[in-house]
Amino acid sequence: TGRKLSDSTIFIINYKYKDDVCSDSYSNVLTDEMIASKKNYFDIHKTFIEKTYKNTMFICLFETGITLSKKGHTEEEYFFTDLNHFFRKSIFLNTIVCGSDAIIRPEGLVLVHNGESRPDWIANHLNSDIWNSLFQTN
């Protein structure tokens, strides 16, 4: 991302797969207009997540083979390509219709949700009662 992050940063990632036919308007080439439309949806969730859950960063990753318009990249950018397939090979192992989401905690715990969802619903799993019911933590 090019940003300085702390070692305690929690990541919530929305991952989109190449050739995903989740909707009628799917494309592997995202124009400026398509990105603006997606950001119109995700901006609200990103703001909510990053204000509600301390030290949490929300990003959208797109599998290599999905072309993102180069226009408008700023320090606040949160749409990225998984260039070296790092996340695809280590977390998002199976192609799923409508993408996947993950919470990655600094202690190495990862929760993956496959299929259609909303980022704020995924973030809810950070609430200690839900998280502790899924993971035994000290």
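Student: How many helices and strands does the chain have?
Tutor: The chain has four helices and seven strands; these are DSSP runs numbered from the N terminus, with helices being H or I of at least four residues and strands E of at least two. The model is predicted, so local features need pLDDT of at least 70 and side-chain atom pairs count only at pLDDT 80 or more, while totals for chains, interfaces and linings use all residues. Residues are numbered from 1 along each chain as its sequence is written, and side-chain values use heavy atoms, without hydrogens and water.

Student: In what order do the elements run?
Tutor: From the N terminus on, they run β-β-α-β-β-β-α-β-β-α-α. The radius of gyration, taken over C-alpha atoms, is 15 Å, close to the 14 Å that the globule rule gives for 138 residues, so the chain is as compact as a globular protein of that length. That rule is 2.2 Å times the number of residues to the power 0.38.

Student: Now the sheet. What is the strand order?
Tutor: The order is 5-3-1-6-7, in an open sheet of five strands with mixed pairing; two strands pair if DSSP finds at least two bridges between them.

Student: Which strands stand at the edges?
Tutor: Strand 5 (79–82) and strand 7 (110–114) do; each has a single partner strand, so one side of each is left without a neighbour in the sheet.

Student: And in which sense do strands 1 and 3 pair?
Tutor: Strand 1 (residues 10–16) and strand 3 (residues 56–63) are parallel, with seven bridges. Within this pair, Ile-10 stands opposite Thr-56.

Student: What about strands 6 and 7, how many bridges join them?
Tutor: Five bridges join strand 6 (residues 100–104) to strand 7, and the two run antiparallel. Asp-101 stands opposite His-113 in strand 7. Their hairpin has five residues between the strands, and Gly-108 takes a positive phi near 95° there.

Student: Changing topic: what volume does the largest pocket have?
Tutor: The volume is about 630 Å³, meaning the space filled by probe spheres set on grid points joined across faces, edges and corners. On a 1 Å grid over the protein atoms alone, with a 1.4 Å probe, a pocket is an open set with protein on both sides within 12 Å along at least five of seven lines; lining residues have an atom within 4 Å of a point.

Student: Which element gives the largest share of the lining?
Tutor: Helix 1 does, with five residues.
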